[in-house]
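Have a look, then read on.

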Amino acid sequence: MTTEHAQHSQRHVGHSRRRFLAAAGGMAAGGAATALAAAGGAAAAPGAAGKSVAVLGGGVSGLSAAHELAERGYAVTVYEYYDALGGKARSMDVPGTGTGGRRPLPGEHGFRFFPGFYRNLPDTMRRIPFPGNAGGVHDNLRSGTEALFARAGGRPDLHFPLRRVTSPPAPGDLTPSWIRDQILSVLDLGTSLPAHEAAYFAGRLLVHLTSCDARREGQWEKVPWWDFIRAGEMSREYQVLLGIGQTRNLVATRAEIASTRTVGRVIIEALLLWGLLGRGMDGDADVDRVLDAPTSEAWIDPWETYLRSRGVEFVLGTQVREVVHEGGRVTGVRVRARDGGEERTVTADHYVSALPVEHARATWGRALRAADPQLGRCDALKTDWMTGVMFYLRTPTPVVHGHLNCLDSPWAVTAVGQAQFWDERDFARDYGDGQAHDCLSAIVSEWDKPGILYGKTARECTREEVVAELWAQLKDGLNDPGRTTLADGDRLGWFMDPAVTGLGGPDPQNREQLLIHPTGTLYNRPSARTAVPNFFLAGDYVRTDVDLATMEGANESARRAVNALLDADNSDAERCRLRELFRPPELEPLKRLDEVRYRLGLPNTFDLG
């Protein structure tokens with residue numbers, strides 16, 4: 001066993017704000033330095049000189065933590081399991097597919113989606129230089145202008161524009177009655193719900209919108225979304241559209257167990273309601289945004305380049321085995337090469353665990369868990385599969401200028417046609433062997449229900465059967481009588497993340513799972529600050545304001561971890577800014593009233609049962 005100690009003090013001593021901006025300006029054309037200055041890039045803190053930090057995990061949370069720490073003068077080393085950075089967010093080359101000077105076909109774990117209510121992550125993206133972009137990689141985001149809720153069996157599809165409303169309420173006019181009218185108008189226009197069901201759902205949203213924080217955490221966190229909206233008593237249309245479609249298809253959690261607090265606060269309020277009203281958004285962002293190129297090209301690779309320029313070191317292909325706790329502190333981390341070999345111990349002054357929860361908790365030994373009981377509670381957090389397949393098509397097939405949700409699919413299928421957003425690229429010219437002109441990226445969120453082709457669950461299917469079944473469910477939603485959107489002859493090939501193994505066998509595995517949000521999840525989510533003075537947590541399982549397994553949550557948690565580290569270090573560096581979800585001031589008086597009612601054991605004013 002060997003011991004390594006990072007010694008980076010000379011590399012970071014004396015970085016000033018001016019030198020930081022000058023270096024950033026040298027990396028990218030088109031005014032990137034101006035963008036960094038406007039974003040308030042942090043100067044190195046004098047107290048950080050010589051201080052080292054080991055960041056465990058190179059996904060979005062790990063890279064976000066490294067970013068904030070490096071800009072504050074810390075010597076950062078990131079240890080990553082894979083040979084590439086970005087975690088579930090990265091894109092991957094499909095081996096052996098690039099010919100004639102083209103790049104290999106791009107693959108991914110699942111499509112990337114940047115809702116307009118994200119504000120912490122976009123701030124970081126603006127501070128990552130990209131040639132020709134004044135706003136850094138943030139300028140690589142493109143808006144989806146519509147959403148398609150495809151119905152099976154020839155039923156009419158639901159087609160929703162996703163642009164902001166042209167006449168949002170003036171400040172002070174956002175009243176419960178106005179909100180209720182808008183919800184009813186949308187449901188009446190876009191669905192075939194019975195009028196009494198639409199009215200009931202609108203009423204339930206008012207209950208949640210006007211519930212105080214204490215009621216949300218103490219009551220609605222314990223109530224499944226399915227029960228909150230009384231889906232079991234309603235029509236199948238109501239159940240599919242407002243229950244399943246808002247939970248299983250979007251966050252991989254079944255409506256029957258999904259926390260009302262999480263679904264109502266993030267999916268319904270932040271994403272849909274405030275998104276369409278343009279309240280609390282990332283600048284002038286629309287509801288739905290995607291990148292204009294494969295994720296690693298548009299975001300992760302430039303991020304790595306920038307972090308390396310700030311002195312961050314990356315140790316790839318490395319598995320974290322155990323975080324060692326002795327004498328009240330973390331004294332090192334045992335790691336080894338991903339493919340085996342000798343175990344060694346790496347040391348630093350501080351440690352940020354930025355691994356996904358299912359991997360992080362396996363590295364916390366008995367002594368570390370005894371030092372902070374919240375680590376043990378993480379064992380109760382649940383994960384599930386939410387993995388995609390990319391289909392490469394012979395002809396351009398822009399199904400919808402945004403996201404597709406196949407509402408009736410037993411596997412809760414969602415998808416996006418990607419090439420239409422890659423405006424600086426010609427797919428056939430730039431990728432593969434020149435035959436593929438488009439890629440349809442689809443995600444399976446339900447792996448435990450029988451499909452329509454083989455009658456087997458996704459876990460029971462082989463990889464080839466998963467692909468065939470997924471394609472059949474996409475066609476079932478998109479191909480209506482007299483209209484064929486997806487043709488078998490158009491399909492050239494496909495890609496699935498190799499992290500999924502053993503399909504069709506006795507022990508299928510998925511190394512890249514997703515945190516889900518059944519009732520009570522909030523109570524088991526840890527804070528970024530631990531009881532161990534030099535050990536901090538980052539990841540979308542950490543308690544954050546956004547409270548959802550998202551890239552935004554990963555970024556926010558990293559900011560919280562860095563702030564906790566700065567506090568522990570008595571650093572004079574500026575703390576990371578935390579941007580919380582929008583809270584309409586017009587509803588605060590009703591929430592204060594509800595707080596009184598909750599303390600008295602009374603229901604919400606609008607809760608009529």
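**How H4 crosses H19**

- Helix H4 passes helix H19 in a right-handed crossing; a crossing is right-handed if the near helix is turned clockwise from the far one by less than a right angle, and left-handed if anticlockwise.
- This is a predicted model, where local features need pLDDT of at least 70, side-chain atom pairs count only at pLDDT 80 or more, and totals for chains, interfaces and linings use all residues. Residues are numbered from 1 along each chain as its sequence is written, and side-chain values use heavy atoms, leaving out hydrogens and water.
- H4 covers residues 60–70 and H19 covers residues 551–568; they pack at an angle of about 40°, with axes 8 Å apart. That makes H4 oblique to H19.
- Helices here are DSSP runs (H or I) of at least four residues, strands (E) are runs of at least two, and both are numbered from the N terminus.
- Axes are lines fitted to C-alpha atoms, for helices over the stretch in contact, and angles run from 0 to 180 degrees between N-to-C directions. Angles under 35 degrees count as roughly parallel, over 145 as roughly antiparallel, 65 to 115 as roughly perpendicular, and the rest as oblique.
- On the H4 side the contact (heavy atoms within 4.5 Å) uses Val 60, Ser 61, Ser 64, Ala 65, Glu 68 and Leu 69. H19 brings Met 551, Ala 554, Asn 555, Ser 557, Ala 558, Arg 559, Val 562 and Leu 565.
- Sorted by class, the residues of this H4–H19 contact come out as 8 nonpolar, 4 polar and 2 charged. Ala, Val, Leu, Ile, Met, Phe, Trp, Tyr, Cys and Pro count as nonpolar, Asp, Glu, Lys and Arg as charged, and the others, Gly among them, as polar.

- Is H4 buried or exposed? In H4, 11 of the 11 residues are buried, so the helix is largely enclosed by the rest of the structure. Buried means under 20% relative accessible area, exposed over 50%, and partly exposed in between, with a 1.4 Å probe and protein chains only.
- H4 and helix H12 (residues 295–309) cross at roughly 30°, and their axes come within 11 Å. The two are therefore roughly parallel to each other.
- This time H4 passes H12 in a left-handed crossing. Val 60, Leu 63, Ser 64, Ala 66 and His 67 of H4 meet Trp 299, Trp 303, Tyr 306 and Leu 307 of H12.
- The H4–H12 contact has 7 nonpolar residues, 2 polar ones and no charged ones.

**The parallel sheet**

- Five strands, in the order E10-E3-E2-E14-E24, form an open sheet with parallel pairing. E10 (313–315) and E24 (535–537) stand at the edges with a single partner strand each, so one side of each has no neighbour in the sheet.
- Neighbouring strands of this sheet are turned by 20° against each other on average, direction ignored.
- E3 (residues 75–79) joins E10 through 3 bridges, with Tyr 79 bridged to Val 315 of E10. Two strands pair if DSSP finds at least two bridges between them.
- H19 lies across E2 (52–56), E14 (350–353) and E24, and runs at about 160° to E24.

- E17 (residues 402–406) pairs with E18 in the antiparallel sense over 3 bridges, and Leu 404 has Ala 415 as its bridge partner.
- The E17–E18 hairpin has 6 residues between the strands, and Ala 412 takes a positive phi near 50° there.
- E18 also pairs with E19 (residues 438–444), antiparallel over 5 bridges; Thr 414 is bridged to Ile 443.

**Around Gly 388**

- Gly 388, found in strand E16 (residues 387–393), counts as buried at 3% relative accessibility.
- Gly 388 and Ile 443 are 55 residues apart in sequence but 3.8 Å apart in space, C-alpha to C-alpha.
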